[in-house]
Each structure stands twice: as C-alpha cells, then as structure tokens.
Amino acid sequence: MTQPENTQRRTVGIYRWLAGGRRGFEGYLYVLHRISGTALLLFLAMHVFFTAARLLGQETWERLMAATQSPVLIFLEYLVYCAFVFHALNGVRLILVELGFAVGKPDHPAYPYRGSIHRQRPLAIVLMVITGLLIALGGFELLRFPHG
Amino acid sequence: MRETAYWLINIACAIVILVLLGVHMGVMHLDAILARLVGTVPEPLAWENMVNRGKSTTQVVLYIVLLGTALFHGFYGLRTMLLEFFSSDRAARVITAGCVTAGGVLFVTGTAVTVVFALNGAG
C-alpha cells in the first residue's frame, strides 16, 4: 500500500517541548522526561571524565572527593538523583504502555468517547507518587539531614 | 527496519540500565539508607574500597555494560530530540554521526580507564 505524501513539516519545534498539549498530565511528563534525560546524559559525560581521576592516584582522588562535599555540589548530586528516579519510573510507564499494558481493552467507539489516555492515567499517578516518595527519601540521605 | 532495531535496542538498554543504575545509585549514593537496612556498608568513595571494586572482574564487566547501555540509550534519545528540530536528510546524517562519535569517544574513554585501572591500579 502506498503511503500518502506527507506535506506537513516534519519538525515540531520548541512548543511541543514546553507544553503538555491535549494529553495534559502525561504531556508534561513527556516534557520532563526529555529534560531529565538530557540532564542525565550531560552528567554521564562529566562523570566519565571526573571518575577517570582515579588513574592519577590516591591524593588526587581524595582531593576531588573532598571537593564534591560542598553544599552546591551536594545539591546538584541530589538533582541528578531526582532526575534519575523520575526518568526511571516514567520510563517504566512508557515501556508498559509501549507493550500494551494498562491501556485497556479495545472497545466500540460509542459516544461519549473515552480516550486511551484516561485509562492510562492511574498508572501515571501511581508511578509519580512512588517517584515523589523516593525523591523525598533520597533528600533525607543526600541533603545530609541528621541521620539517626 | 534499521530504526525499528535501534528502538528495540533502546528499550532493552533501558531495562538493563534500570537494574544496574538502580544498584549503582543505591550503593554509591544512598549508602546511609542501605546501612539502616542491612547493617554496615563500606564507605563507597573511600580510596581502598574504590580500588577493591575497580579490581573485581564482575564489577569491571558491569561498569562497561552500564556505560555502553547508558551511552546508547542517552545518545539515541538525544538524536531523536534533535531530529525533531532538524529533519533534512543532511542534518539527520550529521546528527547521527555526531551522536555516534560522542558516544564512541565516551565509551572508549570510560572503558580504557576502567580496564587500565583494573590491570595496573593508579599510575
């Protein structure tokens, strides 16, 4: 079967990055997934080069590790942790939906129409609640609140 | 067809990363919480513990697997985003080549450091 010629622009521009659109909650998760993914990739690139300092010996390593204990870097480490937790759990949602879980069974298109996005929403909410709990738990550890 | 294969590899990488990075985060960054659950855990950033980890064959293999899967997943995602902005065939070739090169440089660097450290220790 021949495909109709696509006359629309294929690029979507910056608007799709910043707005949830008709998908609402999941639309904003999509935006955050991209922002957190880009941040994690940048961190990974830095991480590869910084941890290479172990080749320079114990003294260099210990000096570098001591430098990571500054409040600013501890906070940035926490942001990396938050990005990881969000990206991981939202990614679990995306894989489940990709494989056809939690999207409901096919139904007759009777009015009022119910979109698949509404059937997926409980999964998104449950995973984001878990994300919030893990981010709070990590905050107690990573932001060095007094441990018991 | 090739893009479908990339997509499937990307999903497979995501699952591997979820497990390995989950363990990495737990051990390296949430050690105080881990200590509450399992008793005492070694200080992850201390030089001696880092050397012991770096010399373990299992750890070296897992580090390289995590590095490779994370780089593929990361640069595949970055490429997808960039292709939404620049979709001409020429731009697509440049973006793909850039992502492969950057990912390759990081993979070779990370792997070389890990293997050299495992074999020789600090220089």
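In the predicted model, A:Arg34 and B:Glu84 form a salt bridge, with 2.9 Å between the closest N and O atoms; a salt bridge is a side-chain nitrogen of Lys or Arg within 4 Å of a carboxyl oxygen of Asp or Glu. The count between chain B and chain A is 1 salt bridge. Across this interface, 3 residue pairs, both residues at pLDDT 80 or more, are in polar contact (a pair of N or O atoms within 3.5 Å, one able to donate a hydrogen and the other to accept it).

On the side of chain B that touches chain A, two or more residues each come from helices H1 (2-28), H2 (31-38), H3 (47-55), H4 (57-85) and H5 (89-120) of chain B. Helices are DSSP runs of H or I with at least four residues. H4(B) gives the largest share of that side, 11 residues. The contact (heavy atoms within 4.5 Å) takes 38 residues from chain A and 43 residues from chain B. About 3,400 Å² is buried between the two chains, 73% of it on carbon and sulfur atoms; buried area is the accessible area (1.4 Å probe) lost on putting two parts together, summed over both.

A nonpolar surface patch is formed by A:Val72, A:Leu73, A:Phe75, A:Leu76 and A:Leu79, with about 450 Å² of accessible area together. Patch residues have over 30% relative accessible area and no salt bridge, nonpolar side chains being joined within 5 Å. A:Val72 lies in helix H4 (residues 71-98) of chain A and counts as exposed because its relative accessibility is 58% (exposed means over 50%).

Residues are numbered from 1 along each chain as its sequence is written, and chains are lettered from A in the order in which they are written. Local features of this predicted model need pLDDT of at least 70, and side-chain atom pairs count only at pLDDT 80 or more, whereas totals for chains, interfaces and linings use all residues; side-chain values use heavy atoms, without hydrogens and water.

Notes:
Patches are made of residues with over 30% relative accessible area and no salt bridge: like charges are joined within 9 Å, nonpolar side chains (Val, Leu, Ile, Met, Phe, Trp, Tyr) within 5 Å. Accessible areas come from the Shrake-Rupley method with a 1.4 Å probe; for residues, only the protein chains shown count as cover. Buried means under 20% relative accessible area, exposed over 50%, partly exposed in between (1.4 Å probe, protein chains only). A polar contact is a pair of N or O atoms within 3.5 Å; within protein, one must be able to donate a hydrogen and the other to accept it, and residues adjacent in sequence count only if both atoms are side-chain atoms.
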